[in-house]
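Me: Could you help me read a structure? I would like to go through it step by step.

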Amino acid sequence: MDYKTALKKASAWCSRQEYCRSDIRKKLETREVSNHDIEKVINKLVEENFIDESRFATFYVRDKFRFNRWGRKKIWWQLRQKDLTDEIINKALDQIEEMDYRQTLQKVVYEKFKQVETRDYIKKKSAMIRNAVSKGYEYQEIIPVVEQLLQNQK
């Protein structure tokens with residue numbers, strides 16, 4: 001694929017959805033665009049504000065938190081995989097309200113609590129903790145939520 005075609009394709013992708021540089025690079029690589037042309041396309045898209053990594057990170061954080069109910073750690077690692085800077089990631093994560101974060105964590109823990117069928121306290125507790133950790137929540141924030149829920153169920 002030549003430069004002009006690659007630029008048209010990438011522009012079309014970016015006009016439909018937010019992308020970061022690494023996503024566009026991967027898409028263009030699969031279409032066998034040369035590295036030189038990929039860099040030119042990406043630079044042009046950034047210059048014309050089709051790609052804005054801060055904007056991408058903001059939307060990514062909001063969507064993954066709201067719809068997937070991921071915690072900060074999982075979102076942070078996923079954004080690092082996309083080669084975003086710590087500064088951009090942390091700024092985007094700051095948009096999550098603390099109260100919303102705690103409420104979402106409580107929902108995640110409670111849903112797992114309802115799914116676990118065992119009455120064994122340790123097994124139930126560990127299943128709830130593992131599930132919340134796998135969704136990217138911080139261990140020190142999970143423990144009080146789990147303990148409170150299990151205490152209320154006694």
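Predicted model: local features only at pLDDT ≥ 70, side-chain atom pairs only at ≥ 80, totals over all residues.

Me: At what angle do α4 and α6 pack?

Reply: Helix α4 (residues 53-66) and helix α6 (residues 86-93) pack at about 40°, and their axes are 9 Å apart. Helices here are DSSP runs of H or I with at least four residues, numbered from the N terminus. The axes are lines fitted to C-alpha atoms over the stretch in contact, and the angle, from 0 to 180 degrees, is taken between N-to-C directions.

Me: Which word describes that arrangement?

Reply: The two helices, α4 and α6, are therefore oblique to each other. Angles under 35 degrees count as roughly parallel, over 145 as roughly antiparallel, 65 to 115 as roughly perpendicular, and the rest as oblique.

Me: And which residues meet there?

Reply: From α4, Glu 53, Ser 54, Ala 57, Thr 58 and Val 61 meet Ile 88, Ala 92 and Leu 93 of α6; contact means heavy atoms within 4.5 Å. The residues of this contact of α4 with α6 divide into five nonpolar, two polar and one charged.

Me: Changing topic: how many salt bridges are there?

Reply: The count comes to twelve salt bridges, where a salt bridge is a side-chain nitrogen of Lys or Arg within 4 Å of a carboxyl oxygen of Asp or Glu. One of them joins the side chains of Arg 25 and Glu 39, at 2.8 Å from N to O. This pair links distant parts of the chain, with Arg 25 in helix α2 (residues 21-30) and Glu 39 in helix α3 (residues 35-47), 14 residues apart.

Me: What does Glu 47 pair with?

Reply: Glu 47 forms a salt bridge with Lys 44, and the closest N and O atoms are 3.8 Å apart. Glu 47 and Lys 44 are three residues apart in helix α3, so about one helical turn separates them. Glu 47 counts as exposed at 61% relative accessibility, whereas Lys 44 counts as partly exposed at 26%.

Me: What about Arg 62 and Asp 63?

Reply: Their side chains also meet in a salt bridge, at 3.4 Å from N to O. Salt bridges that share partners also join Lys 44, Glu 47 and Glu 48 into one network.

Me: Now the loops: where is Glu 32, and what is its phi?

Reply: Glu 32 lies in the loop between α2 and α3, and its phi is near 55°, a positive value in a residue other than glycine. Most residues other than glycine have a negative phi. Glu 32 is exposed, with a relative accessible area of 68%.

Me: And Asp 83, where is that one?

Reply: Asp 83 is in the loop between α5 (72-81) and α6. Asp 83 has a positive phi of about 65° although it is not a glycine, and it is exposed at 56% relative accessible area.

Conventions
Residues numbered from 1 in each chain as written. Heavy atoms only, no water. Nonpolar A, V, L, I, M, F, W, Y, C, P; charged D, E, K, R; others polar. Buried < 20%, exposed > 50% of the residue type's maximum accessible area, 1.4 Å probe, protein only.
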